[in-house]
Amino acid sequence: MRALLAAALAASTLVAHAGVAGETLDPRRPGVPVLVGPPARALTDPKKIVSAPRPDALPIPVADLFFLRSSWFATWTPGGDVVMATDLTGRINLWRVPGSGGFPLQLQQSEDKAFYPAVTPDGKTIFYASDIGGREIFDIFSIPANGGAAINLAATPDASDTGPLHISQDSRLLAFNRRVSTEPSTNVAVMALGDHSVRLLTREKEAGVYWSVVGFDPHATHLYANRSNAGQTESSIWRIDVATGTATKIAGGAGAPYEAAVAISADGKSLSVTSENRAGLRQAMLLDLATGTRVAVHASDWPQEAGAFSPDGRQLIATENVDGRDQVYLYDLASKNARALRLPQGKTAGYFGALPAFSPDGSRLLFPYSSASAPFDYWTFDIASGTASQLTRLGLASVDAATLPRSEIVRYRSADGTVISAVLWMPWNLKRDGSAPVVVVAHGGPTGQTTDSFDATATALASRGYLVIAPNVRGSTGYGRAFEQANRRDLGGRDLEDEAGAAKFLVASGYADPKRIGITGGSYGGFMTVMALARMPDFWAAGVEAYGIVNWNTMWERGSPALREYQRGLIGDPVTDRDVYARVSPLTYLGDTRAPMLVLQGRNDIRVPAYEAEQIVATLEAAGKIVEARYYAEEGHGFLKRENQIDAAERTIAWFDKYLKGSKK
C-alpha cells in the first residue's frame, strides 16, 4: 500500500503550499491537499555505526533493570507536591513526593494498578481508577490526600470507569469516561462527590465511538469532551451542559480525522487543541471559544500534541515529536511566540497532554524523562531560569547510565525505498566481523511508535552482546497520517519488510550475522513476530511473541466490542473482507514456521485473549515445531507485576541465548 502511495505521489508534480505546514496541493485537483510524510531524513550509513570499546562492560542483571522503577501518571497537588502512580514496590500504587525532591510517601497499597490520579482543588482528596488482575474493568476510588483507606465510589462489575479524571473547581463534581463491557462505545459520566451518584451525560448510539473528557469550565456548568470513531475518519469537540446533558459541537466532525481538545484555560475562554491539518499532520492550536479563531502554536512539519495552560492562562505547552524524540515548546498567548525549552534529549511528555504540567504557582513544569540510554525519572523545569532538575530518584545504584549500552536513532530504506527510522541499542566491544546476533523489536499498535525512551529488555539484551533495533515501520504513528495508514489491509506485508530491513541494515554494518537474527514484540509486535517466522521462515532464527494476534477471525469473535470497531478500521469486516482476513492472519502461514518460538501471555487479557496464544501453541506442536509457552495469571494485556516482568525478560534472553548464540542455522 505504501508503494502505491509513493507511486501516486511521484506521478504528480506537487507544489508546496505555504499556508499549512507539511501540506502540498495536487495541481490536477486545485485546492485538494495530498497527504505527505515527515520531512526528509538523512539516511544512516551502516558502516559508520560503531561499537565502542569499554573493558569494564558487563551484562546487567535482569532483575536490576526491572527494579528501575517507572511511573505512568503524575500530577501536582495544590500545595506544590507531586502525586505519582509508580511501581516502587513492584505494584503500581500512588505515592507523594515533595515538590523540592525527597523520598516519596506511599499513599495507598494494592496488588492492582492505580491509574489517572487527580487531586481535588481543595487539596483534601485524591481520586484514581483501578482494575483487578489486568481485566481492564476499572472502578473509581478515593483516598484522603494524606493517605488512608481507599473507598470504591461506584463498584460497577459490568462497566469500566477510566480517566483521565477531571474535577470541578469547586471540588463538587468528578467527570470520567464510562464503557459498559457489552457495548462498543464509551460515554461521558459525572459523579456528584457529595453522595457518589453517577449520571451519564452522553448516550452514544453509534458503534465504535469514543467520548473522552477534557475538563469543566470554571463554573462547572459545562464540560468539554472529545468524540471520535474507531476508524479515525471523524472526530469532534463538544460542549456539554452538565445539568441537562445537552451537547453542542464546537469543532470538527465528518472529514476531520483528528480533532481533540486537551485543556481549557482558567477563564474558560480558550481551548488547547490538537488538530490534524489537511496534509495529515497533527498540530498544536489555540482555539478561541467566542470567535472560533485558531492560532498555530508553532507550525511544523513534524506531528505535535497540544498541552496544558499555565494557571494564569498566559502560557501554553505544546510538544513536537521529532523522529521519536520530544521537543517541548512554551507559547506566550500575548506575544504569540513559542520558545523551545532546553530539556534533556529523549522522551519528555506524558499521556493525554497532561505532562509537562505547570506547578500551582506557574513557575515550574513537571515532566517525565527517559531515553533509550537513561532510565525513567520525573524532572522539573524552572521557567524563569531555564534550568531542568531531577525530582525523583527511582533508579538503582547498580545501574549506571554511563555504562548502559549506547543508543541512537538510525534511518534506512526498506525494500521498496520507503525511509524507516529506528532506535538502535549498540553493545560495547563488538568486533566488525559479522558474528553478532540481532534482535528486532516490533512495537505494538500497529498505530504506535517506538520512541527514544528506556526499554529494560532491550537494554538487557544489548548488554549481553545483541544488536537490538526497534523500527517504526509503516503503520506507526509519529510520521503523519499517510504513513500511519500505509499498512491498512496489508498487516504483515510491507510493514514486515520494514522489520526485516532493520536487520539487513545491521548486517550491512559488518557487525551482524545474517544467520543469527531474532524478533520479538508484544501485542501487534507479537503478531508481527508470529507473521515474521511464518512468512519469512528462512530469514529469522528465533522469535519471542508476547500477547500477539494469530487469527483475526477469532480476535473478532472473542475480542471486546470496542476493539472490533478498531479492527474493522484496520482490515475491514470478517464476512465481506474474508480474503483480507485470511491473508493478514499469521495462522494462514503458521505451518511454514521453522524457527523456534516462545509464547508469553496474560491469562486475563481482554484485548488479545489467551486463545490466540493457545492456537499458536497447538498449531506448532501439531506440526512438530519447537514452541514453548508461559501464561501469567492475574496479568492482562502487558505484564505489570515486577516478578512477571523479570520472568518474561529472563525467558526471552534465555530463548535467544539458546537459539541465536547457541548455534547457527
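The chain carries 66 positive and 69 negative side chains. Lys and Arg count as positive, Asp and Glu as negative; His and the chain ends are not counted. The centres of the two sets lie 4 Å apart, with each charge placed at NZ of Lys, CZ of Arg, CG of Asp or CD of Glu.

This is a predicted model: local features need pLDDT of at least 70, side-chain atom pairs count only at pLDDT 80 or more, and totals for chains, interfaces and linings use all residues. Residues are numbered from 1 along each chain as its sequence is written, and side-chain values use heavy atoms, with hydrogens and water left out.

## Salt bridges

The structure holds 31 salt bridges (a side-chain nitrogen of Lys or Arg within 4 Å of a carboxyl oxygen of Asp or Glu). Lys113 pairs with Asp131, with the closest N and O atoms 3.0 Å apart. Lys113 sits in the loop between β7 (105-106) and β8 (115-119), and Asp131 in the loop between β9 (125-130) and β10 (139-144), so this bridge ties together parts 18 residues apart in sequence. Both Lys113 and Asp131 are buried (under 20% relative accessible area; exposed is over 50%, partly exposed in between, with a 1.4 Å probe and protein chains only).

Glu634 and Arg135 also form a salt bridge, at 3.9 Å from N to O. Glu634 lies in the loop between β39 (627-632) and α11 (642-661), and Arg135 in the loop between β9 and β10, so the pair links parts 499 residues apart in sequence. Glu634 is partly exposed, with a relative accessible area of 35%. Arg135 is partly exposed too, at 35%.

## A strand-to-loop pair and a network

Arg411 bridges to Asp323, the closest N and O atoms being 2.7 Å apart. Arg411 belongs to strand β32 (residues 406-413) and Asp323 to the loop between β25 (315-322) and β26 (325-332), so parts 88 residues apart in sequence are tied together. Asp323 is buried, at 4% relative accessible area. Elsewhere, shared partners join Glu204, Glu206, Arg227 and Glu234 into one salt-bridge network.

## Overall fold

The chain has eleven helices and 39 strands. These are DSSP runs numbered from the N terminus: helices are H or I, at least four residues, and strands are E, at least two. The C-alpha atoms fill a box of roughly 70 × 65 × 50 Å along the principal axes. Of the 665 residues, 59% count as buried.

Among contacts with a separation of 6 or more, 56% come from residues 24 or more positions apart. A contact means heavy atoms within 4.5 Å.
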